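Colleague: Could you walk me through how the terms in this model are decided? I'd like to see each value set against its rule.

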Amino acid sequence: MTTKRTIEVELSTSGLGHDGRPQRIPLVVGDSGGVALQAPPALEPDLEGEHMLINIGPQHPATHGVLRLVLELDGETVVRCIPHIGYLHCGFEKIGEYRQYNQIIPWTDRDDYLNCIGNNIAFSLGAERLFGIEITPRCTVLRVIGMELSRISSHLVWMGTTGIDIGAFTPFLWSFQERENIYNLLEGWVGARLTTTASRVGGMAADIPDGWLDGLRGFLRSFPKTLDECDRMLTRNAIWTGRTVGLGVMSPEEALNYGLSGPMLRASGVDYDVRKDFPYLDYETYDFEVPVGVNGDVYDRYLVRMEEMRQSVRIIEQAMVRLPDGPVNVDDPRVILPPKHKATSEMESMIHHFKNVMEGPRPPIGETYVAVEAPKGEKGYYMVSDGTAKPVRWRIRPPSFVNLAAIPKMVEGHLLSDVIAINASIDIVMGEIDR
Amino acid sequence: MTDFVVIEAGSAPGLPAPVTPKNVPHRGGEVNPSAEALKAQFGAAIGRADVVWGETSVFIEAARALEIVRWLHDDPSQSYEYLSDVTAVEFRDRGQPIEMIWHLRSIKYRRFLRLKAQIAKGAPLEVPSVWPVYKGADWLERECFDMFGIKFTGHPDLRRILLWEQYAEGFPLRKDFPLRGRFSRAEQLRQALAANPEARYSMEELSIADAFAELPLDMRARIKGGETTGE
């Protein structure tokens with residue numbers, strides 16, 4: 001016999017069946033308890049030709065931006081989903097061909113605007129590979145701290161907004177409070193909150209100010225408590241599990257084949273994390289775990305992201321301990337500007353500053369694809385240089401774009417209300433999708 | 001629930017632990033062993049292999065891209081399960097051919113491989129779609145078509161993705177496309193006001209991918225060919 005709660009959970013739509021076809025929602029509970037699999041399709045009368053088209057977005061709060069979904073419904077079941085994107089398209093990649101490398105960094109803020117500092121650093125890593133620059137040990141550790149803070153803040157927004165989509169308002173307030181703390185820290189570091197433009201080719205915009213690490217310690221003390229509270233609020237909540245378990249299931253093979261990455265891929269049971277498998281910023285020297293799901297549904301994606309935040313805290317704690325003294329920027333006059341007081345008092349430094357800013361540093365001919373583990377997945381920057389100060393091609397490999405491409409597959413056969421939960425679980429940022 | 005088996009990355013035996021690459025040389029260095037294997041398997045369809053900043057790029061014949069990618073995906077000694085990216089590069093030098101780029105990852109062997117196919121200037125911009133192998137190529141190829149006008153033969157639904165379907169100014173990432181667009185602001189505004197957004201709600205539009213063969217000839221040509229402006 002199954003317990004009452006198990007039946008409730010199983011009554012939520014179960015995604016694809018063994019034959020790979022979307023499963024219909026059973027209207028009655030069978031004797032066996034394993035209702036969803038055995039329910040005969042005849043239980044739901046097929047209203048042939050009576051499909052309804054419904055349009056969600058682009059201005060719908062549950063689409064997390066300006067995503068538009070056209071759904072073909074049979075009753076309340078999604079038969080087909082056609083996403084329309086591009087409402088935020090502003091040609092980042094084209095504009096990048098007209099900008100110097102350091103001038104592109106502000107654009108990386110705007111592509112995934114919940115993970116600004118992570119994008120800045122990812123782009124700088126790519127540009128440094130193109131220039132053949134090795135960054136300083138202090139810069140490496142600071143960048144790790146920045147990336148993990150940004151991962152936490154992005155996951156917090158995800159948790160809050162997904163909670164709202166599914167009907168839980170409180171975690172939103174708690175998570176945004178903690179996110180505010182992260183933004184205060186970033187403001188203390190680089191002076192900006194959302195669009196940080198924190199890194200430069202060869203270093204960072206600024207070293208951390210005195211006492212900043214104390215603020216970070218304070219955050220690391222308060223944040224796990226908030227996370228535990230959210231955990232208690234959601235993880236065993238019957239409404240939450242009822243609305244997330246078994247939704248939008250992707251098998252490991254499918255997830256790989258669809259090119260999913262990040263928590264989406266790991267929730268489906270593929271143990272692939274760029275930090276572990278193609279490490280950068282010395283991530284292989286940090287002690288952290290990569291959570292992997294076993295069911296590939298919305299609930300597992302939630303669990304994976306929750307655990308990732310805890311692991312990020314671990315990484316930051318280790319980074320704080322090992323943060324070495326020393327310069328943040330490399331000693332490479334090709335890319336680094338002279339100090340301001342010298343640029344305003346010495347002729348040579350002024351010329352140096354002028355030429356670096358106006359003409360821009362020139363990498364040798366070459367190309368590189370640098371991928372980092374962004375909160376949404378594998379974020380890649382592909383840059384091609386022809387020896388001039390501006391890239392021939394600057395390509396963003398947007399994880400949410402590729403993840404979103406799988407939504408027609410994930411929502412088919414589910415209820416209309418489940419589309420919202422599945423869409424939320426992808427953790428899309430339209431700035432990154434449309435670029 | 002479904003009994004999933006976790007796919008382990010780097011599960012091939014004897015792989016060294018991955019480390020952050022340091023002091024990567026500009027040219028030369030360790031070549032991805034797949035380059036050699038490709039040469040042995042496909043012979044003349046494989047061109048030279050470059051190692052730039054530690055990343056191996058293998059030049060392949062554009063027309064055989066699907067076949068090559070399928071082998072890389074299926075062969076257990078290669079096992080490139082993951083398609084990172086599909087994109088193209090056009091150079092500022094007008095004589096240089098357009099390059100198609102595929103970024104592949106082998107999760108099992110922890111390898112990264114870049115495939116390149118050159119399309120000479122003036123030749124039709126056509127490459128086989130890798131969608132039959134990687135479902136994730138769907139949107140990536142649509143975006144590449146949208147931005148460069150490259151036609152992916154065998155793609156199930158090759159439409160514009162980021163720009164709207166009536167967009168007639170050409171392909172933005174081509175080097176002959178001016179940064180501010182081809183049309184004047186007045187013309188852009190006129191077209192935007194004349195657009196009929198409701199047209200995109202129709203059942204016909206939804207069924208295009210399924211009922212492609214039944215469409216009238218001119219409509220098929222329009223969908224298949226995309227816009228020709230800017231070519």
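Modeller: Happy to. Axes are lines fitted to C-alpha atoms, for helices over the stretch in contact, and angles run from 0 to 180 degrees between N-to-C directions. Helices (H or I, at least four residues) and strands (E, at least two) are DSSP runs, numbered from the N terminus. This is a predicted model, where local features need pLDDT of at least 70, side-chain atom pairs count only at pLDDT 80 or more, and totals for chains, interfaces and linings use all residues. Residues are numbered from 1 along each chain as its sequence is written, and chains are lettered from A and ligands numbered from 1 in the order in which they are written.

Colleague: Why is helix 5 of chain A called oblique to helix 6 of chain A?

Modeller: The axes of helix 5 (residues 116-131) and helix 6 (residues 137-166) of chain A come within 7 Å and cross at roughly 140°. Angles under 35 degrees count as roughly parallel, over 145 as roughly antiparallel, 65 to 115 as roughly perpendicular and the rest as oblique. That makes helix 5 of chain A oblique to helix 6 of chain A.

Colleague: What makes strand 6 of chain A and strand 1 of chain B a pair?

Modeller: Two strands pair if DSSP finds at least two bridges between them. Strand 6 (residues 270-271) of chain A and strand 1 of chain B have two bridges, in the parallel sense. In strand 1 of chain B, Ile7(B) is the bridge partner of Val270(A).

Colleague: Which strand of chain B gives the most to the side that touches chain A?

Modeller: 50 residues of chain B are in contact (C-beta atoms, placed from the backbone, within 7 Å) with 60 residues of chain A. Strand 4 of chain B gives the most to that side, with six residues.

How values were computed
Contact = placed C-beta atoms within 7 Å.
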